[in-house]
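Look over the sequence and the model before reading on.

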Amino acid sequence: MAVIETAEKMLPARLRLAGGRALRAFASILAARGEKAVAQRMALTAFAIRIVSAALAFLSQIVLARLMGEYQYGIFVFVWVLVVMVGDLSCLGFHTAIVRFLPQYKATGAFAEIRGLTGAARIFALLSGTLVLAVGMIGLHLLGDRIETYYLLPIFIGLLAMPMIALGDILEGTARANHWPVMALSPVYIIRPVLIILFMLAAIGFGAPHTAVTAMQAALLATYVTALGQYVATLIRLRRHYHQGPRKVDFLAWLSVAFPIFLIEGVSFLLTNSDVVVVGIFLDPHEVAIYFAAAKTMALVHFINFSVKAASGPRFSSIIAEGTRQELEVAAIDAARWTFWPALGVGLVVLAAGHLLLSLFGGAFTAGYVLMAILLSGILAKALVGPAETLLMMSGKQNLCVALYAGALTANVTLNVLLIPVLGIEGAAIATASAMGVEAILLHLAVRRALGITLFAFAKPAISKPDMKA
C-alpha cells in the first residue's frame, strides 16, 4: 500500500484518480487468491512476456532484414513460417490436450495420470516430429524439381528442426497447464529469437554469407538449444511437483481428445499463416518480405489474444470440472474484454507509428503501411470474442470447431487465391482480414449455440445460468 500511495503522488493531478484506481486494481490482482486471480496473474505474466517477445521478435526481424536484404529475407521468412507451421502441427494437438487434462487430474490428485500424460506426450512429439521430417525429406526428393531452386536448401535445413519444434510445443503446453507462464513462453518467444540473431551474427562474423541459408542454419541451431534446455528445466520442475512414482497411460483417450484439437488448431494455425504461404507461392521474395514485415508489425497486437488464451485455458478447464455455467460465462466474457480493449489500444498506437516501424526494415518496406490498417480491422474483429476457440475446446466441443474452422480456412484460401493475382499483397491483407471477421462470427454463434453463452466483449453475464452437465 505504501508503494501504491507513493506512486499515486508521483502521478499528475489529472491522472491521479484514474491512475490510483488502476494501481489498486493491479495490486489486488497480485495479492488476491482463487482461480480467477491465478488466471489474471498468469495473463499479466504472459502479457508481459509477450510484450518483451514481440519487441525482440520485431527487432530480430529488422536485424535479419537489414543483414540479408529484401530478397534473401523474403526467402527466409517464407521457409521459416512453413517450418514453424508444420512443426507446430506435428504434435497432433497433444500440447493443448495436456492443458485440458492436467488441471483436472491435479484437482483429483491423480498424479500417476499426470506423469503418464506428460511423459507419453514428450515421446509422441519426438516420434511424430521425426516422422514429419522423414516425409518432408522424401517429398523434397520427389518434388524438388517443381520447387524454386532458392527455396530447396533452406527447406532442407528447416526440416531438421521438426522434432525439436514439436517437443517445444509439448513442453509449452505442460508449463501452461501448471500455471508456469515464464517457463511456458520464454523459451520459444524470447530465448529462441535472441539465439537466432546471436548465431546469425556469429556466423557472419566468421565469414558466412548474408543469405537465407545462413539464417536457416542459425534458426536450426537456436531451435535445438532452446528445446533441449527447456526439456531439462521442465523435467526438473515436474519431478519437484509430482515426484517419482508409477505412471498411468491412457493414450487412446488422450489421442481421442488431442486429434480433434489438432484439426481445430491446425485449421486455425493455417488461417493465421496461410496468407504468407500463398503470397510466397504467387509472388516473388521481395513482396513476401514487404507483406511479412507489415504482418509482423501488426503481430504486436496479436500477442494480446495469445496471452489471454494462455491464461484462460487452465481456468476454463478448472471451472468446467468444478464450477457452474454462470462462473464459466463470467470467465469467458472477462477474457473477451481482456482481449479486445488492450488490442484496440495497442493496435491504434502501432498503426500511428506504422511508417516509422516499417522504415526500420528498410526504405522499401513502407509500402506495406496500408496492409497494416487492413489487417488491424480483422484482428479487432477476432478480439471481440476473445479466446472463444479455447473455451470450446476446454468444454469438449472440439468436433464443433472442426467444421467451423474448415469453412473459415476455405474462405481464407479462396479469397487469397482470387485476390492476390488481382490486387497483389493488398489482396492478401483483405482476404486475411475478411477471414478473421468470418471466424469471429462463427465462433460467437458456436459458443452461443453449444454453451448458451453470449460471448462478446460488450456483453453482460446473465444473472443466473443452470449448472453444467457432466
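## Helices α12 and α14

A336, T339, F340, A343, L344, G347, L348, V350 and L351 in α12 meet Y369, M372, A373, L376, L380 and A383 in α14. Contact means heavy atoms within 4.5 Å. By class, this contact of α12 with α14 has 13 nonpolar, two polar and no charged residues. Ala, Val, Leu, Ile, Met, Phe, Trp, Tyr, Cys and Pro count as nonpolar; Asp, Glu, Lys and Arg count as charged; the others, Gly among them, count as polar.

Helix α12 spans residues 325–352 and helix α14 spans residues 369–383. Their axes come within 9 Å and cross at roughly 170°. That makes α12 roughly antiparallel to α14. Angles under 35 degrees count as roughly parallel, over 145 as roughly antiparallel, 65 to 115 as roughly perpendicular and the rest as oblique. Axes are lines fitted to C-alpha atoms, for helices over the stretch in contact, and angles run from 0 to 180 degrees between N-to-C directions.

## Basis of the model

This is a predicted model, in which local features need pLDDT of at least 70, side-chain atom pairs count only at pLDDT 80 or more, and totals for chains, interfaces and linings use all residues. Residues are numbered from 1 along each chain as its sequence is written, and side-chain values use heavy atoms, with hydrogens and water left out.

## The chain overall

The protein chain has 17 helices and zero strands. Helices (H or I, at least four residues) and strands (E, at least two) are DSSP runs, numbered from the N terminus. Of the 470 residues, 53% count as buried. Buried means under 20% relative accessible area, exposed over 50%, partly exposed in between (1.4 Å probe, protein chains only).

The chain exposes about 20100 Å². Carbon and sulfur atoms supply 69% of that area. Accessible areas come from the Shrake-Rupley method with a 1.4 Å probe; for residues, only the protein chains shown count as cover. Among contacts with a separation of 6 or more, residues 24 or more positions apart account for 81%.

## Two partners of α9

Helix α7 (residues 162–177) meets helix α9 (residues 212–242) with axes that come within 9 Å and cross at roughly 35°. From α7, the contact uses M164, I165, L167, G168, L171, E172 and T174. From α9, T223, Y224, A227, L228, Q230, Y231, T234 and L238 take part. The classes are nine nonpolar, five polar and one charged.

Helix α5 (residues 111–143) also packs with α9, at an angle of about 170° and with the axes 11 Å apart. That makes α5 roughly antiparallel to α9. F111, I114, R115, T118 and R122 of α5 face Y231, L235, L238 and Y242 of α9 in this contact. Six are nonpolar, one is polar and two are charged.

## Loops and a buried leucine

P246 lies in the loop between α9 and α10 (251–282). At 60% relative accessibility, P246 counts as exposed. Leaving aside neighbours within four places in sequence, P246 is in contact with A112 and R115. R115 is 131 residues from P246 along the chain, yet their C-alpha atoms are separated by 7.7 Å.

L92 sits in the loop between α3 (35–89) and α4 (94–107). L92 is not a glycine but has a positive phi of about 55°. Its relative accessible area is 23%, so L92 is partly exposed. L185, in helix α8 (residues 181–205), is buried at 1% relative accessible area. L185 and T45 are 140 residues apart in sequence and 9.6 Å apart in space, C-alpha to C-alpha.
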